[in-house]
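Visitor: Could you walk me through this protein, one side chain at a time? I would like to see how each answer is reached.

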Amino acid sequence: MSAPEIRRLREDGRQDEALALARRCLADAPHDAVLCLEAAFVHDGVGREVEAVVLYRSALAAGLEPPQRREALVCLGSSLRALGRHEEARQTLEQAVHEHPTAGEAKAFLAMTLHNCGHSQAAVAMLLQLLAESSADPGIRAYRRAIAFYARDVGRTWP
């Protein structure tokens, strides 16, 4: 039994079994980065964000490949935000964006966190820029340049 089995159980919606297996596996290999990550996902998925945060941090400390590291940083930031630990979430998500500048999901969670930190203008600007860069909506694409322009200074008006 291993991380792939935990993932399979989790993806099949068998959260209780995945959680039990993750705990058994962690008892034998508490420093396995991928196992910690899968266990974090399971804990997060069943509303145990406090435990998930510890496991995400363990996974990151143990060393993950870039795609898994990206996912761990985003999920850690999201969990921290959900727990009201906004400054930690902001720092984590900024790290995710710094390491993975094309990670739209990291930018979306960072924008939510910026709003939670009282930086709503920066949050709106980030979301507008993300929308301008990634939307497939024909109307958004038609106004992409204007949206990106206004995103750079979203609070500005012209007399």
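**A tour of side chains**

Guide: Let us start with Thr92, which lies in helix H6 (residues 86-99); helices here are DSSP runs of H or I with at least four residues, and strands are E runs of at least two, numbered from the N terminus. This is a predicted model, where local features need pLDDT of at least 70 and side-chain atom pairs count only at pLDDT 80 or more, while totals for chains, interfaces and linings use all residues. Residues are numbered from 1 along each chain as its sequence is written, and side-chain values use heavy atoms, leaving out hydrogens and water.

Visitor: Is Thr92 buried or exposed?
Guide: Buried means under 20% relative accessible area, exposed means over 50%, and partly exposed is in between (1.4 Å probe, protein chains only). Thr92 has a relative accessible area of 9%, so the term for Thr92 is buried.

Visitor: Which residues is Thr92 in contact with, leaving aside its neighbours within four places in sequence?
Guide: Contact means heavy atoms within 4.5 Å. With those neighbours left aside, the partners of Thr92 are Leu73, Leu76, Gly77 and Leu80.

Visitor: The backbone oxygen of which residue lies 2.9 Å from a polar atom of the Thr92 side chain?
Guide: A polar contact is a pair of N or O atoms within 3.5 Å; within protein, one must be able to donate a hydrogen and the other to accept it, and residues adjacent in sequence count only if both atoms are side-chain atoms. At 2.9 Å from a polar atom of the Thr92 side chain, the backbone oxygen is that of Glu88.

Visitor: With which residue does the side chain of Glu88 meet in a salt bridge?
Guide: A salt bridge is a side-chain nitrogen of Lys or Arg within 4 Å of a carboxyl oxygen of Asp or Glu. For Glu88, the N to O distance is 2.9 Å and the partner is Arg57. The pair links distant parts of the chain, 31 residues apart, with Glu88 in helix H6 and Arg57 in helix H4 (residues 49-62).

Visitor: How far apart are the closest N and O atoms of Arg90 and Glu94?
Guide: Both residues lie in helix H6, 4 residues apart, about one turn of the helix. Arg90 counts as buried at 18% relative accessibility, whereas Glu94 is partly exposed at 33%. Their salt bridge brings the closest N and O atoms to a distance of 2.5 Å.

Visitor: What is the N to O distance in the salt bridge of Glu11 and Arg7?
Guide: The two sit 4 residues apart in helix H1 (residues 3-11), so about one helical turn separates them. Glu11 is exposed, with a relative accessible area of 55%, while Arg7 is partly exposed at 29%. Their side chains meet with an N to O distance of 3.5 Å.

Visitor: How many aromatic pairs are there?
Guide: Rings of Phe, Tyr and Trp (its six-membered ring) pair if their centres lie within 6.5 Å; planes under 30 degrees apart count as stacked, over 60 as edge-to-face and the rest as tilted. By this rule, the count is 4.

Visitor: Which residues form one aromatic cluster?
Guide: The rings of Phe149 and Trp158 are stacked because their centres are 6.0 Å apart and their planes at 25°. Tyr150 and Trp158 have ring centres 5.7 Å apart and planes at 70°, so that pair is edge-to-face. The cluster consists of Phe149, Tyr150 and Trp158.
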